[in-house]
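Student: Hi! I have a model open and would like to talk through how the chains are built and packed. Can you walk me through it?
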Amino acid sequence: MLRYFVRRMAFLVLTLLGATIVIFSMLHLAPGDPIDLIVGPNVIPEVRENIRHQYGLDRPLAVQYLSFMKSLLHGDLGNSIIQHKPVSELIVERFFVTLELSLTALVISFLISIPIGIKAALKRNTVTDYALMALSLIGISMPTFWFGLMLLYIVAFKLRLFPVSGYGTWRHLFLPALTIGITDAALLARMVRSSMLEVIRQDYIRTARSKGLPERVVINRHALRNALIPIITLLGLRIGWVVGGSVVVEIVFARPGLGRLMVDSILARDYPVVQGVMVVLTTCIILGNLVADILYAVVDPRIKLK
Amino acid sequence: MAEGIASTELTKSGNAFYGLMRRLLRSKAAVFGLVIISLMLLCALFAPLIATHDYAKQDLPSMLQPPSKAHLFGTDEFGRDIFSRVVYGSRVSMKVGFLAVGISLLTGLFFGCIAGYYGRLLDSVICALIDIALAFPMTLLAIAIIAVLGPGLFNVCLAIALSSWGSFARISRGQFLSLKNQEFVEAARILGYSDARIIFRHILPNSLAPLVVLTTLEVPKAIIVEATLSFLGLGIQPPLPSWGSIMSSGRSFLFHAPWITIFPGIMIILIVMGFNLLGDALRDSLDPRLRN
Amino acid sequence: MKELKGFSKVRLFVAYIMIALCVFLGILGMVFMESPSVAAERKVIVQAMDRDPDILDTIKAAWYSDALIYLHDRLISRDYDFRYRPGLATGWEVSEDGLIWIFHLRKGVTFHDGTPFTAKDVKWTIDTIKDPKTASPSAGDLKSIDEVKIIDDHTVQMVLKYPFPNLLFNLSNTALGIQKAGCYEEYGEYYGIKTVMGTGPFMFKKWVRGDRIVLVKNPDYNWGPEWMSNRGPALFDELVIRTIPEESSRIMELVTGGIHVLRDVPPLQADKLKENPDINIFIDQSTKLGYLAYACDKKPFDDVLVRRAINHAVDRETIVKYIFSGYATPAYGYLPPALKDEYLEESEELGYKYDPARAKALLAEAGFPNGFETTLSAENDSTSKRLAEVLQAQLAEVGIKAKIQLYDSASYVAMLKAGQQDLFVRLYSWPNADILDWFLLSAQFPYPNHSRWCDPKTDELINSAATAPTWEIRAERYKEVQRYLIEQAVWCPIYIPDKMLAVRKEVINFKNHPWMIQYSDGIDIVTK
């Protein structure tokens, strides 16, 4: 178990490193002079060279990367060129907004998908199964932003059940979280269903049934537990998707989160902010995957505890 | 003898293909999916014939009309017919979908092949690359890439390709790993065929199956990501009618002209459903365990 | 997978704990979120804006949030007729040569923290703006000031380098909200984000970045300008300025009651909103001008015949009717009529009417009988986009084939600075004739003089107007400037949009003000 854990941590660090290399090099892979991306084009040549030296962009790439990493570890993500404030400050202000949206969306997603997936698996190839799977198919075929706009228009605007946009109360959180939750649940439901189907077909289930146990016991005590194991690992994978989805939803519902910060910064050419947000989001996603992996290791009895 | 074995494998895969098609056509879902996809492709190809109006023609006095006999999907803020714009939009969405996934497929295939076939150090390095690529969620990475490259049709394809090549790489690597130790490859090696020939004429054809499935599942993802990017203002620039950009300009008028946003969305749902149905059916047909 | 006999309950338990932790974190978050405004007794008016400010500091901000208008007072105020009236200055005198200005300051004014307002605050504000170390974007507004002298606690003298009657305008503008002397040292680096100190009718309570700014009424306020009917504290308790980037979301919020006041109603939505019994629309003249410009140093735009041809090719009436649903006026001059003193009344007579035949004739005379090809740049917001497409069609009628290029705001500015434009669409919003200095003096080349118009006669006319000894002479000279600009067809003016405000019926006593809504002047809200 310990060996597994250590291996996973090493893998995590490597992936994080790799991700930072990718994010760092995007600045330099961009067409044009990277200095333009940092200071904006309205600067006279002398000042440009000064700032180039100040940012160390005249040093070799490897050296630049090392100092980038050093600052990163100190929590310094650079400064926004538009707002002249540290990027880390901007991120901290909005981090929680995105976090609460992502977590709530995950919870909603699981609450919807697990019962649906199990039901569909148990009633395999019946009308119920087809209907539920058809619903989930429509769910995964919708662009998240479109679904958000439809919910906004129908539920918030026409029916006046929830506020149209904004941030502050649980009512402002509900529609955005529902948007991501439902589209994610659609995908998860199918995975739950296939996982459940896998498990049901196993020999030991047949054994349990042949023992004369009532169906309900068979399902709840034996099938469900084992089916839940792979589902738990999905938790980690979905984090990435949910965070990505929150970018668009934050814009549709005017929530002041990291996703909106990122898109606004892209449109304003505030590259240090884009870089900083990417680093933070990617770190969270990779950490989320780690949590899922640990969960999996804990729960899967095949992995021996030392 | 070795040649015989090598070529028998190829024929086997040919027979497998026909078997696959037969199984596929028996599935109602697959047929439905194929029908939708074909209709969309026809729509894209024959757009000028299907569209009722010139998609760029402005008719300001009739702007923001709800759907009617004259304008099936209503008009937008310039008085342009939305039905025609949606029909032409299918061209752009198809183009992006296939181009992006094409690049993705080729890139993934390339890396997966090298990793799987040559193994050892190259494999470890490429595996690490793939893991990093898969660590980023697709939409987020595409947005970040556009931040660097700037918007536009080709950049969108590139961004999508760079965000999704990981899955292709992983699958093709798996295929190459398992296939390179098969008999027919041994046979080909004994015969002294070059690596390139072995890869292209022997392993590749046999590894296509899961890649085809993945393609049918990645194309719809690409279409949705393109729509999302265009919606955010980071993708296809107006006045080119992609479904995403139509919805993007329509979103200012959601209040009193919601049809501009509704119809392109429905089109996306239809085509994504089509690809997913086909992909699922393909996957089920190719899964040996379900054949019984 | 084998049967999980003797499956460790511990493991499963641990797993459940971890999931529960995630859920708990989520719920914790929801609990810590602010609850909605508890008391229904608090009267809150909510206004929507399309963007969030970078900083709430008049000295350092490049873009001013409306909040700054209510947090600070200015030396000079503007009444409902847009005339200059006393504000924090009860009166002022100007010397004969126009170089010495003496301001008498109002007594009994305090900052929100109780500190009395005196002359040193005025000096500190102006000195800090002018200090190159502050890097204030408004430093240029005050370049006519040489020195500010404190005569006594309630008298300030400003010594100018040259006569500059427009100082009245600058001192009445948001940029010159009077700040408390030494507030940077006193409140530290978070001044403008966590604290804002002013003398205005509203005090800073909170700023949720990207979402909203919350202001509360200043109960001690009783120094509103004489022209206000209510010179004391505001009648309602809280003013919230929400940031809602989506235009359609702002409208939907207005219709559902999420916001009460919407500035800048999009013209296409105006009719629909008018029909709504819950909403009142206020229409007024704006101080904006939309125009089609061209790079005057590039061929063929360096030829005045071509520039006049373009002016004749544009059908302003159609544009006003369809792009603005009639909520605009065609523009033929360079200033909006709302600037009563400086606006040239004969702009329309002297300007170029819609006449495609004449346009083609002029083009032929200039050597382009079959027109020419060029590019037309615009920002990608919905109005500019639509305007560009209509202009493209109208120009094509006279043979000018323009390819449209769209940009987001940041790239647009970058493009203009780099000088890549041929034809381009622009809109300015500024309540003073010195906008012409800003855009058309050759010293401003290449940006903001994006028309790339470097003309000695224009410079001479404008500079003479800007440094005129009195306001009246200044106005006359600016009219000369406008006449010359029309004659030279430096721009192709197109439209002056109406200023439209939408206000929910719950807001009572609403009066439209030519500059900004005066929330403290008797506006109130009825809560059910």
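Tutor: Happy to, and let's begin with one helix in chain C: the buried residues of α8(C) are C:V306, C:R307, C:R308, C:A309, C:I310, C:N311, C:H312 and C:A313. Keep in mind that this is a predicted model.

Student: How many of the 10 residues of helix α8 of chain C are buried, then?
Tutor: Helix α8, residues 304–313 of chain C, has 8 of its 10 residues buried, and that makes the helix mostly covered.

Student: Zooming out, how many helices and strands does chain C have?
Tutor: Chain C has 16 helices and 20 strands. Its C-alpha atoms fill a box of roughly 95 × 80 × 50 Å along the principal axes.

Student: What percentage of the residues in chain C is buried?
Tutor: Of the 528 residues in chain C, 45% are buried. As for contacts, take those in chain C between residues at least 6 apart in sequence: 69% of them join residues at least 24 apart.

Student: Switching to chain A. How many helices and strands there?
Tutor: Chain A has 12 helices and 0 strands. Buried residues account for 45% of its 306 residues. Among contacts in chain A with a separation of 6 or more, 72% come from residues 24 or more positions apart.

Student: Which domains is chain A divided into?
Tutor: Chain A is divided into domain 1 (2–73) and domain 2 (94–299). Their contact takes 13 residues from domain 1 of chain A and 12 residues from domain 2 of chain A.

Student: Which helix gives the largest share of the domain 1 side?
Tutor: That is α1(A), which supplies 9 residues of the side of domain 1 of chain A that touches domain 2 of chain A. Both α1 (2–29) and α2 (34–39) of chain A supply at least two residues of that side. By residue type, the domain 1 side divides into 9 nonpolar, 3 polar and 1 charged.

Student: Now the core. Which residues touch the most other members of the largest nonpolar core?
Tutor: In that core of 272 residues, A:V277, B:A142, B:I143 and C:L215 touch the most other members. The core draws at least three residues from each of domain 1 (2–73) and domain 2 (94–299) of chain A. There is also a second, separate core of 26 residues, which includes C:I59, C:L142, C:I145 and C:V148.

Student: What is B:A142 in contact with?
Tutor: Setting aside neighbours within four places in sequence, B:A142 is in contact with B:A159, B:I160, B:S163, B:V225 and B:L229.

Student: While we're in chain B, at what angle do α2 and α4 cross?
Tutor: Helix α2 (residues 28–45) and helix α4 (residues 82–118) of chain B cross at roughly 105°, and their axes come within 8 Å. The two helices α2(B) and α4(B) are therefore roughly perpendicular to each other.

Student: Which residues meet there?
Tutor: From α2(B), B:M40, B:L41, B:C43 and B:A44 meet B:V87, B:S90, B:R91 and B:M94 from α4(B). The residues of this contact of α2(B) with α4(B) divide into 6 nonpolar, 1 polar and 1 charged.

Student: Last one: how many residues of chain B are in contact with chain C?
Tutor: 15 residues of chain B are in contact with 17 residues of chain C. The chain B side that touches chain C divides into 7 nonpolar, 6 polar and 2 charged residues.

Technical notes
Residues numbered from 1 in each chain as written. Chains lettered and ligands numbered in written order. Predicted model: local features only at pLDDT ≥ 70, side-chain atom pairs only at ≥ 80, totals over all residues. Axes fitted to C-alpha atoms, helices over the stretch in contact; angles between N-to-C directions. Helix = DSSP H or I, 4+ residues; strand = E, 2+ residues; numbered from the N terminus. Parallel < 35°, antiparallel > 145°, perpendicular 65-115°, else oblique. Contact = placed C-beta atoms within 7 Å. Nonpolar A, V, L, I, M, F, W, Y, C, P; charged D, E, K, R; others polar. Domains from an automatic or database assignment. Core = buried A, V, L, I, M, F, W, Y, C linked by C-beta atoms within 7 Å. Buried ≥ 20, exposed ≤ 12 C-beta atoms within 10 Å, placed from the backbone.
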